[in-house]
Amino acid sequence: MVPIKYNVRNLVVRKSTTAAAAFGLALVVFVFACALMLANGIERTLGRAASPDVVVVLRKGSDTEMTSTIEDKHVNLVLAQAAQIGASKKPVGVGEILAVVLLDKVGANGVSNVTVRGVTEDVLAFRPSAKIVEGRAANPGSDEVIIGKGLKGRFTGMTIGQSFELKKNRPMKVVGVFDDDGSAYESEVWADVHIVKQSFGRGSTVTSVRVRLDSASKFDAFKMLVEGDRQLGLVAMREADYVEKQSQATGIMLKILGGMIAFFFGVGAMIGATITMNAQVAGRSREIGTLRALGFSKGSILFSFLIESLVLSLAGGLVGAIAAVGMKAVKITMLNMGTFTEIVFGFEPTAPIIVSAVVLSAFMGLVGGFLPAVRAARVSPVEAMRG
Amino acid sequence: MSTETTKERESDPNRDVPPDAAVAADEPKPYRKNASPEKGKTIIDMSAVTKTFFRGKEPLTVLDGLSLAIEEGAFEALMGPSGSGKSTLLNLIAGLDRPTSGKATVAGHDIGAMSDGELAKFRARHIGFIFQSYNLMPVLTARENVELPLLLTKLSGAERKKRAETALRVTGLENRMDHYPRQLSGGQEQRVAIARAIVHDPTILVCDEPTGDLDRKSADDILELLTKLNVDFKKTILMVTHDPAAAERATVTRHLNKGKLE
Ligand SMILES: Nc1ncnc2c1ncn2[C@@H]1O[C@H](COP(=O)(O)OP(=O)(O)OP(=O)(O)O)[C@@H](O)[C@H]1O
Ligand SMILES: [Mg+2]
């Protein structure tokens, strides 16, 4: 076998061409890893909003809280059904209403959708993971609101002591900021449920009921009870399943987008690797001929140049992967395709993402380097004799 | 012919691990088992060999029914005008190329009958190459360049290193082992190439204008070294040259003209 140091040193000697080809490969790996990290970040962020023992009840046929309507009296019925199967936590459940307001972005042009959740006074008791980190809780029945920390300072009025308009001439005052372990709730405004109902003319309806069961295993019994009453026309689903459905659209879109960008960039980077390696084979034909004359087989020359291309692409891949991991520090705002509201995400790397990014670079190196390696293997040993 | 005896050499069980290649003259170890080649044993045998190249549809016959026999242990020079086919003939003997017709038997092997893979193994075992422009790998040190032919054997890393160093000592480069080719003079580069050519103890040394790129002094040193390899180490050497002073070192000088030996 031709020693690998022969290939590695050849790469090191021609620093600039190696760097240029490796940069192209690094870019592809970077984009690919970033898209996967972002999709993962979205799934994780939305997933954090789910508790295993919480059930979401919506109108049958509604996929999201945005399109669902449930009458107030049915809320009480659902809560009673929960009690019937032995739900004992206080509060057992909450009927909430979801609305959307347009707010001006701070430091950027334009407006964006922000989710306002009309909540009952025991919202913080129902969601123990949510904690006030600044200011105080809102007074029930008042026009005070608390905001998730993802919104803080990003829209006009989203600061303690300031106000924003829920509807024309319906100012709401921000009194507190809450934290929910980075979940999607951190991108919501929580206002009094009655005031939201009034402002949006929803009469005596809400959009969803969330119920906390004593254990996740009670779900089937509860679902039978809720969906068994055909008159109600409601569906019950685990909060985790509901959230997954909401994040799926965005996650899949990102993965497809990332995959497509990686594919087109990847084809370019592979052509780059092919051109680089082809130039090497042409420039080193006397060296290759000499190796063949010394008795190295065609197969070992093919293998040697594949290794060279592989080392080149792995170098690029590692740089791209390291840069991608560095994106951990960056937060990004995106439209949640489930609710069409803005939500803040991070890039969340995992070992499988990094490994698949590096594997991708290796794949590009082997595919891009294949034809030049075949060309190298075909160099005649007679080339060694040519002056 | 000599096919019988050369076959014997092939089947020698010790041949798989090459014997300690180039041991300096002052070292007592025997250089190789066929240290005293039988006089008259033919190692290169060409009969009615032709080589025709095609430029498009235009045939160009470079070697035209050439016959030649070279004895083991000889030091022969091959001269002739440019384009007369010297390198072409050398390529056939070295197993880099096959004849168009005729038979070329080298160290008992029929060059025309071997596949590409078999030719590669043949070269690795029987041929040491010395090129006009040295053909060292620029990214490898002198020692690493010399080790290259040993990578095709089963020798251990330590043994390869030891043999490469011995070969470099024989060519007088014990102080330049870790130098890269660009840190060496032309004469020193050619010495590295000669060390590489002898390290695996080949049957024949094939040299195409080994002094063509060197000044008189360096050329004489290289010729001195080749003479030593022939006289002290009994190497069979075939050398193409334009230099009459070089040809003088050889025991036999042949002239090639228009594809035929004169
Ligand atoms: N692969 C090839 N295809 C076509 N023609 C070739 C090929 N190799 C050699 N020739 C031709 O064969 C002829 C002999 O070439 P060769 O290299 O053997 O000459 P030479 O005697 O070594 O010359 P020089 O002294 O210049 O090295 C030349 O005319 C050359 O152009
Ligand atoms: Mg020539």
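In the predicted model, β1 and α2 of chain B each contribute at least two residues to the lining of the largest pocket. The contribution of α2(B) is the greatest, at five residues. In total, 27 residues line the largest pocket, and its volume is about 480 Å³. Those nearest the centre of the pocket are M385(A), S87(B), T88(B), N91(B) and D208(B). By residue class, the lining of the largest pocket comprises nine nonpolar, 12 polar and six charged residues.

The largest pocket is the space taken by ligand 1. The shell around ligand 1 consists of 15 residues, and the closest of these are R55(B), S82(B), K86(B), S87(B) and T88(B). Because the residues that surround ligand 1 come from chains A and B, the site is shared between chains. Three elements of chain B, namely β1 (42–55), β2 (58–71) and α2 (86–93), each supply at least two residues of this shell. As in the lining of the largest pocket, α2(B) gives the most to the shell around ligand 1, here with three residues. Four residues of the shell are nonpolar, seven are polar and four are charged.

Polar contacts to ligand 1 involve residues of both chains. On the side of chain A, a polar side-chain atom of R386(A) is placed 3.3 Å from a nitrogen atom of the ligand. On the side of chain B, an N or O atom in the side chain of R55(B) lies 2.7 Å from an oxygen atom of ligand 1. The backbone of chain B also takes part, with a polar backbone atom of G83(B) at 2.9 Å from an oxygen atom of ligand 1.

Most residues other than glycine have a negative phi, and most peptide bonds are trans. In strand β1 of chain B, A48(B) has a positive phi, near 50 degrees, although the residue is not glycine. The strand β1 of chain B is also among the elements that supply at least two residues to the shell around ligand 1 and to the lining of the largest pocket. In chain A, the peptide bond that joins K90(A) to P91(A) is cis, with omega near -10 degrees. P91(A) is located in the loop that runs between α3 (72–84) and β3 (93–104) of chain A.

Definitions and conventions. Residues are numbered from 1 along each chain as its sequence is written. Chains are lettered from A and ligands numbered from 1 in the order in which they are written. This is a predicted model: local features need pLDDT of at least 70, side-chain atom pairs count only at pLDDT 80 or more; totals for chains, interfaces and linings use all residues. Side-chain values use heavy atoms; hydrogens and water are left out. A residue is near a molecule or strand if one of its heavy atoms lies within 4 Å of it. A polar contact is a pair of N or O atoms within 3.5 Å; within protein, one must be able to donate a hydrogen and the other to accept it, and residues adjacent in sequence count only if both atoms are side-chain atoms. On a 1 Å grid over the protein atoms alone, a cavity is a set of points where a 1.4 Å probe fits but cannot get out, and a pocket is an open set with protein on both sides within 12 Å along at least five of seven lines; lining residues have an atom within 4 Å of a point. A molecule sits in a cavity or pocket if more than half of its atoms lie within 2 Å of its grid points. Helices (H or I, at least four residues) and strands (E, at least two) are DSSP runs, numbered from the N terminus. Ala, Val, Leu, Ile, Met, Phe, Trp, Tyr, Cys and Pro count as nonpolar, Asp, Glu, Lys and Arg as charged, and the others, Gly among them, as polar. Grid points are joined across faces, edges and corners, and a volume is the space filled by probe spheres set on the points.
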